Amino acid sequence: MSGRDSLARGVTPGQPGTLHARSATDGIEVAPLPGLTVRFGRGPGDEGAGGDVELHVGGRDQGVSRRHGELTCLEGGWTLRNTGQQALRLPRGRLLPPGSDRLPLTAGYTPVFVKGSGFREHLVELYVVRPEPVRPGDLAGAPPPAAWALSEDERLVLVVLGQRYLRHEPDPHPLPYRQTAEVMAFLRPGERWDAGEVARRVEDVRRRMPRAAGRSAVPDEEPPEPRGCTPDHRLLTDLVAATALVPPDLGLLDAAGG
């Protein structure tokens with residue numbers, strides 16, 4: 001699943017209550033039929049094997065249960081239940097432990113992070129079609145306007161810098177420039193990355209964004225970390241709100257490292 005295909009950008013108009021669900025390797029769209037259950041997890045065997053789950057998540061990560069969760073359509077709408085051995089993480093740090101009560105899903109977009117082995121998490125994107133009609137001019141599923149376009153290098157830098165925002169952590173803040181540079185040097189061995197280079201890339205993006213705030217000249221030497229990172233916080237918040245950065249972009253961290 002690439003960031004271009006993220007459900008965060010919406011879905012094509014359809015029957016209210018229709019559920020769209022995507023993982024890094026799989027996707028499903030189902031009508032809101034009371035009693036219908038969609039199961040997700042690692043599945044019974046190799047990735048792509050059928051039978052036990054409708055949505056495959058985690059590939060060969062043994063930390064993901066074969067049946068890690070269920071999405072069930074009830075009279076009141078879709079619900080999420082954890083049937084695995086590790087917690088499901090929801091936006092703003094909310095955890096859904098194994099065996100907990102069903103959680104009603106709200107209409108619209110919900111990212112769910114499936115805990116795997118070690119510190120790994122696997123993204124499941126959910127989108128329940130809203131009951132109200134799509135307004136004229138809405139571009140469901142469309143990429144953000146050209147004004148928000150990012151180069152490959154810029155996207156990777158911003159994903160590293162803003163990964164806490166993409167993980168929907170509570171009160172997120174940017175990674176320090178120095179730490180961002182260390183991660184970039186690991187992901188792109190042989191390239192020169194330091195705090196100054198990260199600052200220059202971020203400032204280039206900030207200058208041309210529709211809402212450019214807190215512009216400041218980048219000195220030749222490594223800049224000190226800004227207190228509170230307020231300009232970067234605003235930039236990352238705007239990029240996520242505009243879906244120029246979306247949760248599936250976190251997959252770049254694994255892809256670049258591979």
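Which residues have the most contacts inside the largest nonpolar core? They are Leu 158, Val 202, Leu 239 and Leu 245, in a core of 32 residues. A nonpolar core here is a set of buried Ala, Val, Leu, Ile, Met, Phe, Trp, Tyr and Cys residues joined through side-chain atoms within 4.5 Å. Buried means under 20% relative accessible area, exposed over 50% and partly exposed in between, with a 1.4 Å probe and protein chains only.

The model is predicted: local features need pLDDT of at least 70, side-chain atom pairs count only at pLDDT 80 or more, and totals for chains, interfaces and linings use all residues. Residues are numbered from 1 along each chain as its sequence is written, and side-chain values use heavy atoms, with hydrogens and water left out.

The helices below each supply at least two residues of the 32-residue core. Helices (H or I, at least four residues) and strands (E, at least two) are DSSP runs, numbered from the N terminus.

| Helix | Residues |
|---|---|
| α1 | 152-161 |
| α2 | 163-166 |
| α3 | 177-187 |
| α4 | 195-208 |
| α5 | 230-241 |

The largest share, six residues, comes from α1. Beyond its neighbours within four places in sequence, Leu 158 is in contact (heavy atoms within 4.5 Å) with residues including Val 202, Leu 239 and Leu 245.

An open sheet of five strands runs β4-β3-β5-β6-β9, with mixed pairing; two strands pair if DSSP finds at least two bridges between them. β4 (55-56) and β9 (103-104) are at the edges with a single partner strand each, so one side of each has no neighbour in the sheet. β6 (residues 77-82) and β9 run antiparallel and are joined by two bridges. Thr 79 has Pro 104 in β9 as its bridge partner.
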